[in-house]
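Please keep the sequence and the structure in view while reading.

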Amino acid sequence: MQLRAVWLLAVVPAFTVRAADSNRIELAGSWAFELDAAGAGHREQWEERKLGPDVIFLPGSTDQAGYGTEVVEPEKGWLTRPYKYEGAAWYQRDVVIPADWGGKHITLFLERPHWQSEVWVDGRAFGARNSLATPHEYDLSEALTPGRHRLTVCIDNSYRIDVGRDAHSVTDHTQTNWNGIVGAIELRATDPVWIDSVAVYPDSAGRARIVCMVRNRTGAPVDGAIAAAAGGGSMLAHFSGAAAEATVELALTIPNARAWDEYQPSLYDLSLELTAASYRDRRDMAIGLRQISTRGTQFTLNGRPIFLRGTLECNIFPLTGYPSTKVEDWQRIFRIAHSYGLNAIRFHSNCPPEAAFVAADREGFLLHVELPVWSRTVGRNAALDDFMRAEGMRILKTYGNHPSFTMLCLGNELQGDFRFMDTLVSDFKQADPRRLYTFSSDHVRRMPGPTSDYYVTQQTSAGRLRINGTRFGKTQDGTDLDFTPSVAAVSVPLVSHELGQWAVYPSFDEIAKYTGVLKARNLEPFRDSLAAAGMIDQARDFQVASGRFSWAVYKEDMEAALRTPDYGGFFLLQLEDFPGQGEALVGLLDSFWDSKGILDPQEFRHFSNTTVPLVRMKKFVWRADEVFTAGAEVAHYGREPMSNVTAFWTVTDDTGRVLHTGKFAPATLALGSVTGLGEIRVPLDSVTQAAHWRVSLTVAKDFRSQRDVEVGDYIRRANAVPVAKDFGDDFRNDWDVWVYPKPSPAPAPAGVLVKSALDGEARAALAAGGKVVLLVPPERKGDTLLPIRFLPVFWSNGYFSNQPGTMGILCDPRHPALAEFPTFSYQSWQYWELTEGSHAFILDKAPFAFRPIIQVIDDFHRNHRLGAVIEAAVGKGKLLAVSFDLTTALDQRPVARQLLHSLLDYAASDRFAPRQALALSDIGYGDVL
C-alpha cells in the first residue's frame, strides 16, 4: 500500500474559539492522521497516543489527500480513483476550550463522515455513529472542560452493513466509497438548558405547529418559555418543571402568508428564543408553508394537482468524489434542472446533505429522498433492517422541516420481505406525516405497497411505463400512446421509474475536465480505439447525432406520461450522465451538469413544462393517398386554470414555409387535466415528392393580450424566417412527420445493374467500368454484417451486451444520393422501417479516409466502422452498396421504396462519381462485397 500525504506540518496547532461566534469552534484545518488498514488501532489503543507523522486537511477525504493504494490501471466501466482506501483511518486534533464554556452543553458536529465514526476525548470513549445520510453528533460536555484537550476520531468506511455495493451512498460507480469528513466540522456550545430539536408542522393557510424538544442538564427542574416569530406573527409558550427533557408546542400564525410551491417558493425566517432562569438559547431557520398530498392517482401541493417532471441525482461529483455541502453548488444544479422544465429530483439510494435541501427550498424544487440502500435482503437481514429504521428516523429528524423534502422512499429497487417494507413505511408515516412515502423505487413487485402513498415503478400488473418495453421493437407506431391501463390498475399516483436510459456517444474533450479525485481513464481507451479506426475527427458528430436521436426517444417517453390523464409524473434516467455501471452516458448534460450542446433548454421545455401541447397520431410516416390526422391535446399542471385560451397548429416544411394551419375554438384548461382541443386534418393527395413536415401546436397563455400571435401574423413571420419560432411566453411543441408519394413501379434504370450479391455478373460489370447497385437481402448473415435495430443503445452496451449496440446514423442530407429522400443528419422516426431487424456493413478494413453516404454509429465500447449506404470506385466501375433492406414488400414500406428510388436515380445520373476508391479485397466481404 502506497501512502502519500499532501499536507505535511511539523506541528498541528490547537483549535481555539473564533471571536465571530463565541459558541462555535471550527475544526477545519490540519489534523494528525494515520491509516489503519489492518485494524490495529483499537487493539493498540491509538486514542491513547499521539498520531502521526502524517497530516491531512479536513474537511476532505483520503482520496483528496492522496492516501491509500495507488490505482494505476483504469477501472473498467466507471471512473478511476487514483488512490483507493477502505478501512479505518484515525484523525486527531488538539482543541482549547475557552473559560466561558465552563458548564456549557458542548457537542461535536461532524456534518458528513463516511461511514462509521468513533470519538475519544483525552482517550475517553464517547461511542460511535454509523449514519450515511445525517451528521454525526457527540455530546462531549463532560470531557471538554476549559483548557487543552486531545480529540481523536476514527472513521471506518468498511462495508459492514449490506446496504448494497451498488447503492449510490457507497458505490465507486458514482460518489465512491470514500473515507473522511466533509462539510461542517465544529464544536458547538449552548447553555445547559437548550432547544435540542425543532419540528415544524405547517399548512398552506399560514399556520404552523411548532414542536420543540427542550433538554436540561443542570440536574434541577427549570421553568421557562419559548418565543416564536416569523413573518410578522409571534407566539409565546411557557413550560415549567422541565427536568431532563420537555416538549413545548407553539401554534404560530403568519399574517397574509404565502404558500411554498414550485412557482413561488416563499420562505419565512423563523426565530425561536428560549429563556429559562439565567439560561438562553436561540434557533433560527427558514420555513415554508406547504401541504403535499394525493387525490386519487394525482399528487397535490397545497390542494393543487402537480405533475413530477424529475431527473435523478446519483451522487455524481467527479471533482471531489462526494456530494457538495455548499448551497451555491446545489442551487446551480436545481437552476439548470429548472431551465429544462423540471421541478423534481429523485436522490437514487442516497440522501443529500443539508445544503441540497436549503437550495431546493429556495429554488422551489420537490425532492424525493431515499434511504441509502439498494439491497436484495431487506427484511431478512437484522443489521440492515435496524439500520434502515434508524436511518429513516434520523433523516426525518434532521431534514424534516424543509418544505422541499416532499417524498421519502426506502431505497432503490429493493428486494426481500415486502411486508417488512410496508410496516417500515407505516412507522415513518406515523412518526412524520409531513411528506409522502413509498416502499421502493420498484422494478419487481409491480404493485404499490398497501402503506405507500405513491408508486415509482417500471411497470404495473397492467403494463410497462417506459417505451423500451412496449414500442419500436415490432412497430413504428406514432404518438397515440399513454399509460391509462396502469393508472386504472392502482389507486395511488404512478411515477415512471428511470424513464429513458438511452445512451449518447461521449465527448472525449470531457476527459480533461476530470481534474479532481476521479479520472476518466476509462474513456481514454475508447478515444484511442476511435482514433485507431480513423474516426476521431467524427467524435463530435457522433455525439450530436446520437444525442439528437436518443433524446427524440426520451421525448416520446415523456409525452406518453404527460398524455396520461391523472398521472403522477416521471423520473428520468437522466438529464446528466451516469458515469458508472458500464459508462451509462445517457444525459443531455455531462457528469458536471454542463451542456453537451445537443438540445438547448428552450427546445427541451417544449415537452417538459407546466403546460405541454400534445398530439395523438397513429404514425410518423404517411402516404400521399391518406389524410393526416392527429388529435390535439394539452396537459396542464400550471399554477392556475387557464380560461379562454386559444391554440393553433401549423405544418411547415424544411424551409420554414407554412403549408397548412388551423385554429381551435377557445378552451378552458383545468388544473391537472389533459384537455382535448380538436382534430388536425390535412389531406395529402397533393403531395408528389417525399417530404419531411414539422407539425407544431401552440397554446397562447393570454391570446387576447398577445395579438401579434394571431394565426395570420404567425404565418407571415414564419415564412420570413428559416424556421417557425416561439412567441412570447406561449407553450409550443412540435413533431416530425414524413409524407411519401403514392406507390409507382420503379424498374432499374438503364445502365445500372442491381444485384443481391457480387456474383460473376456484378464483378464483370465493375471490371468493364459499369455501375452496380448492391442490395443486401435481410436474410444475409456473415461476419462482415452487424445486426442493428431502430432503438439506440439502452443504458450501456458494456453493461447490457445483449443488444446490437448501435447508436443511430450519421449522414449529410445534402448528398446527391439522398436528394429525393428527406432525412436529418441523425436518425429519426422514418428510419424504423430501414433499421429494425436490418444490418450494417463492417468497414474496419477500408481505408481510414473512407466515409459512407449513410454511416451507422457504433457503440463507443466497440467502435466498428459501420455503413449502411456506401459508394466506391471499384477498379474501372462504380459501386453503390446498401445493407438496409430495400427489397422486401416495398408496396407496404414507403420509406424503403423512397430511399431505393433516390439511390437508383442517383446511380443512373452523372452525379454518381465516387471519389473514394476501394478494392474488394480491402473490404473482404466475399460474395457480398
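## The nonpolar cores

The largest nonpolar core has 208 residues, and among its members Val163, Phe604, Phe628, Ile680, Ile854, Phe884 and Leu886 touch the most others. Helix α9 (residues 539-563) gives the most to this core, with eleven residues. A nonpolar core here is a set of buried Ala, Val, Leu, Ile, Met, Phe, Trp, Tyr and Cys residues joined through side-chain atoms within 4.5 Å, and a residue is buried when its relative accessible area is under 20%, exposed when it is over 50%, and partly exposed in between, with a 1.4 Å probe and protein chains only. A second, separate core of 32 residues includes Leu27, Ile106, Leu110 and Ile181.

The model is predicted, and local features need pLDDT of at least 70, side-chain atom pairs count only at pLDDT 80 or more, and totals for chains, interfaces and linings use all residues. Residues are numbered from 1 along each chain as its sequence is written, and side-chain values use heavy atoms, with hydrogens and water left out.

Five strands make up an open sheet with mixed pairing, in the order β36-β44-β43-β39-β40. Helices (H or I, at least four residues) and strands (E, at least two) are DSSP runs numbered from the N terminus, and two strands pair if DSSP finds at least two bridges between them. The edges of this sheet are β36 (621-623) and β40 (658-663), each of which has a single partner strand, so one side of each is left without a neighbour in the sheet. Neighbouring strands are turned against each other by 25° on average, direction ignored; the axes behind such angles are lines fitted to C-alpha atoms, for helices over the stretch in contact, and angles run from 0 to 180 degrees between N-to-C directions. Strand β39 (residues 647-652) runs antiparallel to β40 and is joined to it by five bridges, and Phe648 stands opposite Lys663 in β40.

Another open sheet has four strands in the order β17-β16-β19-β20, with antiparallel pairing. Here β17 (233-242) and β20 (279-287) stand at the edges with a single partner strand each, so one side of each has no neighbour in the sheet. The twist from one strand to the next averages 15°. Eight bridges join β16 (residues 222-230) to the antiparallel strand β17, where Met235 is the bridge partner of Ala228.

Which residues of helix α8 (residues 523-532) are buried? They include Leu523, Phe526 and Leu530. Seen down the axis of α8, the buried residues fall within an arc of 60°, so they line one face of the helix; the arc is that of the directions from the helix axis to the C-beta atoms. An α-helix has 3.6 residues a turn, so residues three or four places apart point the same way. Helix α9 is included in what covers the buried residues of α8, and just after α8, Gly534 takes a positive phi of about 75°.

Helix α3 (residues 327-339) has 13 residues and reaches 18 Å from its first C-alpha to its last, close to the 18 Å expected at 1.5 Å a residue, where the expected span is 1.5 Å times one less than the number of residues. In α3, the buried residues include Val327, Trp330, Phe334 and Ala337. Their cover includes β24 (308-313), β25 (344-347), α4 (354-363) and β26 (366-370). Gly341, which follows α3, has a positive phi near 80°.

Most residues other than glycine have a negative phi, and most peptide bonds are trans. The bond from Gly52 to Pro53 is cis, with omega near 5°, and Pro53 is placed in the loop between α1 (40-43) and β3 (55-58). The bond from His114 to Trp115 is also cis, with omega near 15°, and Trp115 lies in the loop between β8 (105-114) and β9 (116-121).

Asn256 has a positive phi near 55° and is found in the loop between β18 (245-253) and β19 (268-276). Is Asn256 buried or exposed? Asn256 counts as exposed, because its relative accessibility is 74%. Asn644 has a positive phi near 55°, but is found in strand β38 (residues 642-645) and counts as partly exposed, at 34% relative accessibility.

How values were computed:
Contact = heavy atoms within 4.5 Å.
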